[in-house]
Amino acid sequence: MIDIGSNSVRLVVYNDLGRAPLPRFNEKSLCGLGAGLDKTGKLAEDAMACAVQAVHRFCVIAEAMGANRIDIIATEAVRRATNGDSLIQAIKERSGRGIRLLSGTEEAHFATLGVVSGFHRPKGLVGDMGGGSLEVAEALEDKVGERSVSLPLGALPVEALLAELGDGAKRRIDEIMKGQLPPLLTKPVFFAVGGGWRALARAHMESVGAPLKVAHGYDVDAGELRSFAKTIWRMAPDKISALPGVSGRRARNLPAAALVMDRVLKALKPERVVFSALGVREGWLYSQLKPELQRRDPLIDGAQAFGLPVARVPAFAPALVRWTNTLFPDETADERRLRLAACALSDIAWADHADVKAQQCFQRIVHFPLIGLTHAERVFLAATLHARHGGKQDDPCLQPAVSLVTPSVHRRAQILGRTLQLGHRFSGSVPEILDTASLRITTDTVRLEIAAGSEDVPDSDAVQMRMKQLAKILGVPNTEFGAA
């Protein structure tokens, strides 16, 4: 997919058109189509030439990679420019492909669908700050609300306002937003989309020493973030460039992103801000899915897409689900989806060296681009897989990320992980063997029971050791192996 924005032209090639598509290739070209647009009303010739060349290059790359479809969309700068049609025609002549020019309403719609696709039934307002505009719409779990707005408050016009008006840019932004933003009528959550706002998130993570430095799903108190944003947009350029976590390309845009965030939070008054790495492009892809695919859980689909192809026995994951179905009598729907994801991912490190597989697995899962989960859920999943591969509860590699979950949640991850480990060890990762067994846990015993007729499946020291490790986490003194 190629996205022609006001600041950059970007190609993202995805592994498939599914519920949890993984980017295989991602590149952008900073063409600056929106630069000077407010003054001239036109796209500059050099920016147009850059965009034509970028789209041509990206089409060649996507075709060479075997992409079975190449969608090209254009947004604010092309939409507003008097010569936008000329750019569309030039791209069509060079690349042989048409472009879908999104209206402001469509841009808001697809940005919000991106958030719908990237979180588990999100509710709140979504703001997408791009190079040329700010789109705001409402996410209602699995759909987009009717209220939306597109405002000329992207990075490039706001940079121009800051250069012209200084602190006065704040008042001008307030005037533009006055009476335009949809009311926050659902949960008091604002979902922030766009590269400038993700850069702000990374700068904030560094400033507070966040335990997990992953932009997608980063959740911040709105008042705290607004105070931070005020500091950033008033900061001197050289100090911004020196901030940890801020790339050189984003340093220039950061004051504009911070100023708009400050004014949006003042106007909307949410309690929390949640950052999203998914926006217009992912929303466009989500809109192409059949309804039955849209309704699928992105976490479970993503875990299966990543975990099953690398497992020794892909069919073992469903057997693990059955094996653990009665492990937690009080399991909630949210806890169940995490357990299913853990089962799908349980064998991703089987080929790693035994001395490091637990640590590598934890780092891989905690940073892997899974969607549909919070930071705390991400850590729970990573801690579960760490325990499944024999990692100790006090392993230093768990810090500081494990501070995002409570001790009881970490203990639950340990129980699930050790149960997965026992299932793999006892059965040799063979579904038919695991289906002959079940766990019975009482106040004083962890008992592994074998179905009648399957007594020839032997016990072993290795199995006993895993049972004792599980019993230790549970606080149960005894283990037993016998017939059901």
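**Close-up 1. The disulfide of Cys31 and Cys50 in the predicted model.** In this predicted model, Cys31 and Cys50 form a disulfide with their sulfur atoms 2.4 Å apart, a disulfide being a pair of cysteine sulfur atoms within 2.5 Å. A search of the whole structure finds one disulfide, and the link of Cys31 and Cys50 is left-handed, with -70° about the S-S bond. Cys31 lies in the loop between strand 3 (23–29) and helix 1 (37–40), whereas Cys50 belongs to helix 2 (residues 45–64), so the pair ties together parts that are 19 residues apart in sequence. Helices (H or I, at least four residues) and strands (E, at least two) are DSSP runs, numbered from the N terminus. Cys31 counts as buried at 9% relative accessibility, while Cys50 counts as partly exposed at 25%; buried means under 20% relative accessible area, exposed over 50%, and partly exposed in between (1.4 Å probe, protein chains only). Residues are numbered from 1 along each chain as its sequence is written. Local features need pLDDT of at least 70 and side-chain atom pairs count only at pLDDT 80 or more, whereas totals for chains, interfaces and linings use all residues, and side-chain values use heavy atoms, with hydrogens and water left out.

**Close-up 2. Cys361 and Cys397, whose sulfur atoms are too far apart for a bond.** The cysteine sulfur closest to that of Cys361 is in Cys397, at 9.9 Å, which is too far for a bond. Seen from Cys397, the closest cysteine sulfur is in turn that of Cys361. Cys361 is buried, with a relative accessible area of 0%, and Cys397 is buried as well, with a relative accessible area of 16%.

Close-up 3. Strand 2 (residues 9–14) is mostly covered, since six of its six residues are buried. Val9, Leu11 and Val13 point one way from strand 2, and Arg10, Val12 and Tyr14 point the other way, all of them buried. Strand 1 (residues 2–4) and strand 2 run antiparallel and are joined by three bridges, and they form a hairpin with four residues between them. Within this pairing, Asp3 has Arg10 of strand 2 as its bridge partner. Strand 2 also pairs with strand 3, in the antiparallel sense and over six bridges, where Leu11 has Glu27 of strand 3 as its bridge partner. Two strands are taken to pair if DSSP finds at least two bridges between them.

**Close-up 4. The largest pocket and the residues that line it.** The largest pocket has a volume of about 620 Å³. Of the 31 residues that line the largest pocket, Pro23, Ala277, Leu278, Glu282 and Pro369 are the closest to its centre. Strand 2, strand 3, helix 8 (195–208) and helix 13 (280–287) are the elements that give two or more residues to the lining, and helix 13 gives the most, with four residues. On a 1 Å grid over the protein atoms alone, a pocket is an open set of points where a 1.4 Å probe fits, with protein on both sides within 12 Å along at least five of seven lines, and lining residues have an atom within 4 Å of a point. Grid points are joined across faces, edges and corners, and a volume is the space filled by probe spheres set on the points.
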